[in-house]
Amino acid sequence: MDGYAGKMVYADLSAGNVTIRPTPPELKKQYIGGRGFGIRLLTDMVDPKIVPLGEKNVLVFAAGPLTGTGIPLGSRYEVSTISPLSGTAMSSNSGGVFGWKMKKAGFDAVVVTGRSRRPLWLFLDSGKAEFRDASGLWGMTTGQTTDAIARDLGDESVRVACIGPAGENKVLFACIINEKTRAAGRGGVGAVMGSKNLKAIAALGNIPIKVADEARLNEVKERVKKKITENGIEQALQKYGTAVLVNIINENYVLPTRNFQSAHFPAAEKVSGETMAATILKQNKGCYACIVKCGRVCEFDGESGEGPEYEPDWAFGPDCGIDDLKAVARANNLCNEEGLDAISAPTTIACLMEMAEKGYVNHPVRFGDVPGMLALVKQIARREGIGNELAEGSFRFATKYGHPECSMTSKGQELPAYDPRGIQGYGLATATSVRGGDHVYGYLIAPEILGSPEKLDPLVTKGKPQWAKIFQDLSAAIDASGMCLFTSFALGADDYADLLTATTGMKIDAAELLKSGERIWNLQKLYNIKRGLGRKDDTLPARLLNEPLKEGAPAGQVWRRDEMLDEYYTLRGWDREGTPTAKKLRELGLGEQETGR
């Protein structure tokens with residue numbers, strides 16, 4: 001097989017040593033790479049009873065076989081762990097250049113175990129790996145850390161994935177930042193890294209990444225490139241970035257506003273992708289081999305940074321009742337520097353704003369309070385003042401003060417920028433997501449709002465369980481391959497299968513691709529069951545089930561869980577409690593013993 005670096009690093013922080021082993025062929029065949037590698041290794045190695053921030057948790061960095069091969073948008077890598085925020089077996093995806101450089105350094109994956117007594121960083125270089133002292137890096141922001149390692153190595157081509165103060169302080173939604181602005185953002189992967197006293201992983205090297213059939217791959221590359229460049233959604237992403245969604249979602253009256261108390265923000269245009277392009281945008285930026293370049297390099301008032309993307313644009317903007325684009329961009333930059341999830345941080349602040357306005361907690365911040373919002377970002381990262389409580393996430397915070405209904409979370413993880421009351425299938429995909437509140441594990445916004453691959457009525461529930469399953473399985477396979485999820489607007493399962501076949505030499509068709517994704521999904525589900533999650537957890541906040549929307553086309557709508565959940569479980573081959581049946585396990589090659597019964 002080709003497309004793989006062929007080796008994996010096992011980095012034992014407790015012992016202070018590293019071991020290099022071949023990448024197992026059976027892992028490639030069954031789980032492809034990326035998220036598949038991470039989840040398989042994680043669930044094999046970690047007892048479900050562990051504490052996520054304890055020494056026995058594992059952190060897996062893994063690229064896919066399509067990462068770094070020059071395939072358009074083939075740049076992604078995954079970080080998998082047991083989430084301290086949701087308690088799930090989860091993965092967090094990032095782009096940029098780090099995944100490619102990890103493979104050029106000679107490795108498909110890095111498996112981090114144990115806990116060091118002192119801060120360390122891991123250096124990957126041309127097939128070798130070693131720990132180095134990070135005592136001097138501890139306390140630095142992600143940008144400072146990246147620059148310091150480059151200076152230490154004397155090589156600006158090094159690519160660094162690191163944590164900031166938020167990870168060091170074990171904020172439950174701390175993330176891992178590579179190239180200063182790209183984030184493995186969700187689930188608290190940065191907190192796990194901080195709990196292990198691992199500050200960074202840096203990659204150097206120029207080991208070739210071979211492919212099985214270069215001529216065939218070039219043919220498929222041209223086909224997918226044409227599809228991507230001609231796709232209208234991809235063109236909009238290039239022109240206005242992901243924040244092009246602000247106006248679209250707002251016009252559909254499903255843009256969560258003021259902590260999901262409504263779903264329409266009258267001033268949305270002020271923080272839209274169009275306004276960003278006309279005011280603070282300096283240039284577009286893409287990940288390795290990207291032809292879309294949806295990244296936004298923005299400059300304003302002497303400050304420069306990348307973003308905000310749609311999610312933090314919404315979360316620091318409409319969800320906090322703020323229409324100041326510069327303030328939103330500044331808050332996003334702070335998240336990158338401190339190493340904070342730019343969805344969970346602002347939505348936790350929005351939760352506080354609602355609770356403060358209602359008198360549930362004594363704090364001066366209110367919706368629309370720009371200085372208060374910016375101050376809270378820093379307080380959360382540093383665990384200062386009320387930031388120490390907010391650093392536990394909105395669910396724990398709201399529950400502590402007796403009002404868990406103010407936390408807009410699923411499985412303890414904050415929800416992203418779409419109101420499920422007006423997008424029924426998306427609500428199902430989010431509620432059943434195996435990593436908690438989520439959108440990219442099954443992006444039904446594509447068919448229900450954007451009309452890709454076909455337009456569905458977002459207000460009906462019929463047929464949505466099947467759509468949710470297909471999108472979830474396909475997303476898992478895309479994550480495993482190393483491709484950017486945005487390619488799914490233009491490409492189908494056949495395209496990904498052809499890319500994998502030409503790259504690896506494995507004969508993969510669309511059905512086998514989807515089966516691999518289904519295998520990964522079920523493995524995550526099984527592990528979550530062992531950790532005590534079940535049917536009761538496949539849901540959304542009570543507000544979304546009981547309080548109807550009041551404006552626009554979805555007025556009067558709530559999210560209708562009971563019309564979809566049983567059918568979804570049946571389509572997945574699970575019992576009524578959401579447990580995979582023995583038949584389904586045999587079909588996927590997982591074995592009955594995986595249930596832990």
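1. Let's start with Asn197, which sits in the loop between helix 6 (189-195) and strand 12 (198-204). Helices (H or I, at least four residues) and strands (E, at least two) are DSSP runs, numbered from the N terminus. Asn197 isn't a glycine, yet its phi is positive, about 60°. With a relative accessibility of 18%, Asn197 counts as buried; the cut-offs are under 20% relative accessible area for buried, over 50% for exposed, and partly exposed in between (1.4 Å probe, protein chains only).

2. Before going on, a word on where this comes from. The model is predicted, so local features need pLDDT of at least 70 and side-chain atom pairs count only at pLDDT 80 or more, while totals for chains, interfaces and linings use all residues. Residues are numbered from 1 along each chain as its sequence is written, and side-chain values use heavy atoms, with hydrogens and water left out.

3. Leu73 is another non-glycine with a positive phi, about 70° here. Look for Leu73 in the loop between strand 3 (59-63) and strand 4 (77-82). Leu73 is buried too, at 4% relative accessibility.

4. Next, the open sheet: three strands in the order 13-14-15, paired antiparallel. Strand 13 (281-285) and strand 15 (303-306) are at the edges with a single partner strand each, so one side of each has no neighbour in the sheet. On average, neighbouring strands here are turned by 15° against each other, direction ignored. Strand 14 (residues 295-300) pairs with strand 15 over four bridges, and Cys298 has Gly305 of strand 15 as its bridge partner. For pairing, DSSP has to find at least two bridges between two strands.

5. What lies across strand 14 and strand 15? That's helix 12 (residues 325-338), running at about 70° to strand 15. Axes are lines fitted to C-alpha atoms, for helices over the stretch in contact (heavy atoms within 4.5 Å), and angles run from 0 to 180 degrees between N-to-C directions.

6. Pro308 belongs to the loop between strand 15 and helix 11 (310-316). A cis bond also joins Ser452 and Pro453, with omega about 5°; Pro453 is in the loop between helix 18 and helix 19 (464-481).

7. In helix 8 (residues 232-240), Ile233, Glu234 and Leu237 are buried. They span an arc of only 100° around the axis, which puts them on the same side of helix 8; the arc is that of the directions from the helix axis to the C-beta atoms. The buried residues pack against helix 7 (214-230), strand 14 and helix 18 (445-450). Asn231 caps the N-terminal end, with a side-chain oxygen 3.0 Å from the backbone nitrogen of Ile233. After helix 8 comes Gly241, with a positive phi near 75°.

8. Is Gln413 buried or exposed? Gln413, in strand 17 (residues 413-414), is buried, with a relative accessible area of 0%. Its side chain reaches the backbone nitrogen of Gly187 at 3.1 Å. Beyond neighbours within four places in sequence, Gln413 touches several residues, including Leu85, Ser86, Arg186 and Arg435.

How values were computed:
Polar contact = N/O pair within 3.5 Å; in protein donor to acceptor, adjacent residues only side chain to side chain.
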